[in-house]
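Let's take a walk through this one together. Have a look at the sequence and the structure first, and then we'll go through the strands and the chain contacts.

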Amino acid sequence: MSRVMAEDVRSFVLTRLAGPLRAKGLMVQDVPDDFDLLTEGVIDSFGIVELISSVLEAFGSDVDFEDLNAEDLTIIGSFCRYVAEKSVPVNRQ
Amino acid sequence: MINQLPEESVLGGMINRILAVVARFAPGITTWRVRLHRWRGVRIGKDVHIGADVLIETGFPSWISIGNNVQIGMRSTIIAHYHGLLPKQEDLRDYVSVRIEDDVSIGAGVIILPNVTIGYGSVVTAGSVVSSSVPPLTLVQGNPARPIARCGIPLSFTTPLKEFYRKLKPLPAGDSTFVSRSGDG
């Protein structure tokens with residue numbers, strides 16, 4: 001059993017969003033920790049639903065965002081750390 | 001046999017349409033626009049926000065019911081009648097075709113078609129076409145609008161957007177929980 005790391009979540013999220021990030025002239029590795037996906041126009045309301053849905057599927061369906069500061073929901077760094085902290089350890093071969 | 005459109009007086013029809021045109025561009029998102037539509041016969045609750053250029057049923061405004069704390073985004077259109085699907089004459093009293101319940105938020109450019117109920121606290125995202133009823137506290141999107149998430153709280157005028165997003169619970173893809181009318185099951 002291994003813990004989910006914030007870097008794993010970040011890599012997963014940013015890979016999925018590579019298209020809109022490129023459209024803004026950003027490479028995945030250049031995205032700063034305090035980057036707001038919503039206010040920077042990378043995702044919209046539907047994008048947030050898709051993001052949460054895909055992250056829950058990949059890192060644990062039990063993650064509840066009730067304890068996350070609402071302002072941090074779309075900040076890449078804090079979002080990924082929260083998901084990593086709340087995810088259940090996964091079996092890795 | 002196709003039911004006939006109810007009779008409309010020339011003067012009444014003209015006043016209704018003039019008020020409708022004025023209401024589209026009048027200032028006063030919570031005041032004059034709302035008042036003008038009420039004068040036309042639209043049933044509207046308290047604290048309703050109506051954006052610019054919103055078109056609310058030209059011919060039969062009383063067939064629309066809008067609850068309290070509802071927001072309607074700019075350039076939305078609400079249609080209450082189809083020529084080929086009209087109510088019977090005996091059902092016309094207090095007839096409601098489109099019912100928008102309390103605390104609903106409708107994005108910009110939404111089209112709402114006849115015979116639907118949008119349930120309490122639901123959110124219709126911008127540009128969607130609502131062709132069937134929406135259960136309470138549901139986020140719908142697209143054409144035709146489909147449920148994509150359950151809302152933990154309604155999206156009121158004063159709700160911080162991120163707080164609303166934080167409480168969303170995504171629905172599995174393909175989940176179709178539409179009902180024909182709210183309350184019908």
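## Strands and contacts

B:R43 stands opposite B:S65 in β4(B). A strand here is a DSSP run of E with at least two residues, numbered from the N terminus. Keep in mind that this is a predicted model, where local features need pLDDT of at least 70, side-chain atom pairs count only at pLDDT 80 or more, and totals for chains, interfaces and linings use all residues. Residues are numbered from 1 along each chain as its sequence is written, while chains are lettered from A and ligands numbered from 1 in the order in which they are written.

Strands count as paired if DSSP finds at least two bridges between them. In general, strands of a sheet pair through backbone hydrogen bonds, either parallel or antiparallel.

Chain B has an open sheet of four strands, ordered β1-β4-β7-β10, and its pairing is parallel. Another open sheet in chain B has seven strands, in the order β2-β5-β8-β11-β13-β14-β15, with mixed pairing. Within it, β8(B) (105-106) runs parallel to β11(B) (123-124), with two bridges, and B:S105 sits opposite B:V123.

Here are the edge strands, each pairing on one side only:

| Sheet order (chain B) | Edge strands (residues) |
|---|---|
| β1-β4-β7-β10 | β1 (43-44), β10 (116-118) |
| β2-β5-β8-β11-β13-β14-β15 | β2 (49-50), β15 (169-170) |

How many residues of chain A are in contact with chain B? Twelve, and they meet eleven residues of chain B; contact means C-beta atoms, placed from the backbone, within 7 Å. The chain A side has eight nonpolar, three polar and one charged residues. Nonpolar covers Ala, Val, Leu, Ile, Met, Phe, Trp, Tyr, Cys and Pro, charged covers Asp, Glu, Lys and Arg, and the others, Gly among them, are polar.

Terms used:
Two residues are in contact if their C-beta atoms, placed from the backbone, lie within 7 Å.
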